[in-house]
Number of protein chains: 2
Amino acid sequence: MSNNIVKPSILPGFMELTPKDQIDFNMMLDTIKKNYEKYGFVPMDTPIMEKTEVLLAKGGGETEKQIYRFTKGDSDISLRFDLTVPFARFVAQNMSSLNFPFRRYQIGKVYRGERNQKGRFREFYQCDIDIIGNGKLSIVNDAEIPAVIYSIFKELGFENFKIRINNRKILNGFFKALGIVDASAVLRSIDKLDKIGEASVKSELLAVLEEEQVSSIMNFIMIAGSNTEVIEALDKLNIQEEEFTQGLNELETVVEYIRAFKVPEKNYMIDLKIARGLDYYTGTVYETILDDYPSIGSVCSGGRYENLAEYYTNQKLPGVGISIGLTRLFYQLREAKLLKSKEKESLCDVIIIPMDGALAYSIDTANKLREAGIVTQVYFEEGKLQKKLNYTNKLGIPYVILIGDEEMQSNILTMKVMSEGQQYKKSVEEAIDLVLANS
Amino acid sequence: MSNNIVKPSILPGFMELTPKDQIDFNMMLDTIKKNYEKYGFVPMDTPIMEKTEVLLAKGGGETEKQIYRFTKGDSDISLRFDLTVPFARFVAQNMSSLNFPFRRYQIGKVYRGERNQKGRFREFYQCDIDIIGNGKLSIVNDAEIPAVIYSIFKELGFENFKIRINNRKILNGFFKALGIVDASAVLRSIDKLDKIGEASVKSELLAVLEEEQVSSIMNFIMIAGSNTEVIEALDKLNIQEEEFTQGLNELETVVEYIRAFKVPEKNYMIDLKIARGLDYYTGTVYETILDDYPSIGSVCSGGRYENLAEYYTNQKLPGVGISIGLTRLFYQLREAKLLKSKEKESLCDVIIIPMDGALAYSIDTANKLREAGIVTQVYFEEGKLQKKLNYTNKLGIPYVILIGDEEMQSNILTMKVMSEGQQYKKSVEEAIDLVLANS
């Protein structure tokens, strides 16, 4: 051939999966989607490109450097770096036609030109839900979010995970009561506790605060125990500060209703160390930790905010939401061998292998299996039987149906059950029943 | 508020749907996906960005002008303009680990900076399947493709559509037999027949061919009748040209096996006018026309090609595939009022409205409904009952469960069936049965 061959490769920092991995990835994605829908969230899909002035309305910061931005024609275009900003834009843009409380989920790719490093991706899936009120939104919504998280991770096959819950008003109120005016540096230190340890946080705080304040803070964030015990301990602090009291009431209400949602006690806990960034969240905050693999950090985070779309409308739109970074989660679970893999390169339940002259009969059999909802492939190619069985084995297809003269004359199929290494004689109806009974 | 408000808007030429439309769109997408999977195609997901040198390996043409291309750091990046080129790159890149025949589907967004005009989108979904052989691929695969198309459009609610089938070898062979060396101009004219009409095609052809050749061509492409009649007519032409004979044999085989797949005769036809572009397809070609709305053109097209990845590997990889341009299809169906809409702004089967003090009981009831697989929302906000019922009405949720003191004491729920305007007393089990029986 005289073509110039270009070496096939993708850009660095992008994830592309093999069929086997893609099947596993899609199982996770479908589980998340199904659970989001079960709680009444509606789907949304926004363009991957937005006007730069709209996407960056909030103004730059660290994110801006990572953004994929370019011009085409007269347009200054940026690729979305999360799903929250486009969602805020969407709600502000469609205010008059939306019904509140508005519950939406969005699962889609976002883009960040991060430094190329292991486990960091420049294109990754976020799976978000948010509940938005027009003017106000009941605190009970904050209790439903952990129920959604619980449903998802349970169905993904995890038993041991903990949804950590806090309330930003409790932290803010506590700091105010201590006489700390600007809590942002303190919050930033506390956020690092799991990473840098207690001693380092303490010395960071001592650089900006009095020793007494620091020991109060350390004692405070270390309050531990059952959810009831923590709330009792917070009550006993007897802090007469409005924001603190409001936050504590909210946390009590959230915990009360999480119980109504029947999230097991072992799967959630109050954790006063959780702060979640600095300026966006204003009330309840969440992180989710896999007990068997805490080092990967939070696998599902979010919280309550006062105002979704302040850069696009003067309308006050409080909300609560969470995000699962699926690409990173998938990568980390696979690296840690915690992925519940199907170990299959095919979605087929059945493959039909026709002998010479049995093609039409095989197609007819496949029609019947598919009508019964069974995912079926017919092997159309020529070649030795062993080659065809190897193909089946490699794809991990659990049932093989062989059809030749004998099968066509008797209307009885030869069916190999790969997991048993056994071969049976079955009518097409019996074959369908067998597959459905085991799927 | 002192913020500078940025007007929320999206780039021109991008589609963004309301919740109601998005629900309808996703129904279509899920139907396509489910049917692709039922025939044993595995999912694939490639990055939206590729190296420009890889994406444009084939070289420019019209497409190149439309491409979203930019640099970031050292990378010359382009957004994919179809799913075929990334697929070819993927297969060449992963040759050694793939099992052939390799069947994949991919549903994803692609980007073309087209001139902004009604019904044309710069970001749109393509839904592709392809079957790839290593070196060779049985012609029977070409007969399965129409079966997949039929399954999809049937399930999308269409009865009257026609999959038009032709074979490029028949056209090429026929032209060769007429002594036409370069058939590309002829093919280009024929491709326009539906748009510009018979007379215009004829005059275009007369500019480059002899009158006798033109009348032969016109007679040839007008051959019509049942599939059997068309094949008989082609046989009777008695053209002794190798490529023609091969094409005719292929077409006969394809039609024979389409029958085995039980695609109804009214849903497919041989149409010798179908050429599908100029250089990519080499055998069977497909277009799909909605009989009630032929003006929207083909809603699902594709064909057989000799060599998927010639720009990335010397390995010969023949294949057959189709693509559905879902964004455009959705838009056109909606414009033509042919969309089978659910007319719902929510996926919920049930909404529970708690009276004062009934929140925990309502949450518990919702748990039970969701466990039974029923999509359920609890209305947590305060407000008048009428406001809550209006919300329910606007979202189009079919069942409302009201829970107050009476319901909690008796454990009998009040259930409104919105389609009937009737109210019933039901235990939670009866309520579940009622919803499941009607869903």
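Over all chains, this structure holds 61 salt bridges, each being a Lys or Arg side-chain nitrogen within 4 Å of an Asp or Glu carboxyl oxygen. Before you click around: this is a predicted model, where local features need pLDDT of at least 70 and side-chain atom pairs count only at pLDDT 80 or more, while totals for chains, interfaces and linings use all residues. Residues are numbered from 1 along each chain as its sequence is written, chains are lettered from A and ligands numbered from 1 in the order in which they are written, and side-chain values use heavy atoms, with hydrogens and water left out.

**Stop one: a bridge inside chain B.** Select K109(B) and E123(B), whose side chains form a salt bridge at 3.5 Å, N to O. K109(B) is in strand 5 of chain B and E123(B) in strand 6 (residues 123-132), so this pair ties together parts 14 residues apart in sequence. Helices (H or I, at least four residues) and strands (E, at least two) are DSSP runs, numbered from the N terminus.

**Stop two: the interface.** Now colour by chain. Here 102 residues of chain B are in contact with 102 residues of chain A (heavy atoms within 4.5 Å). About 8,800 Å² is buried between the two chains, 60% of it on carbon and sulfur atoms; that is the accessible area (1.4 Å probe) lost on putting them together, summed over both. Ten salt bridges are counted between chain B and chain A. For one to zoom in on, pick D45(B) and K109(A), at 3.0 Å, N to O. Then show helix 1 (residues 19-38) of chain B, which gives the largest share of that chain's side touching chain A, eight residues.

**Stop three: the cavities.** Where is empty space left? Rolling a probe the size of a water molecule over the atoms shows it. Five cavities of 30 Å³ or more turn up in the whole structure; a cavity is a set of points, on a 1 Å grid over the protein atoms alone, where a 1.4 Å probe fits but cannot get out, and its lining residues have an atom within 4 Å of a point.

Most residues other than glycine have a negative phi, and most peptide bonds are trans. Go to F100(A) and P101(A), where the peptide bond is cis, with omega near 0°. P101(A) sits in the loop between helix 4 (84-94) and strand 5 of chain A. Finish at K337(A), not a glycine, yet with a positive phi of about 55°.

Note on methods: On a 1 Å grid over the protein atoms alone, a cavity is a set of points where a 1.4 Å probe fits but cannot get out, and a pocket is an open set with protein on both sides within 12 Å along at least five of seven lines; lining residues have an atom within 4 Å of a point. Grid points are joined across faces, edges and corners, and a volume is the space filled by probe spheres set on the points.
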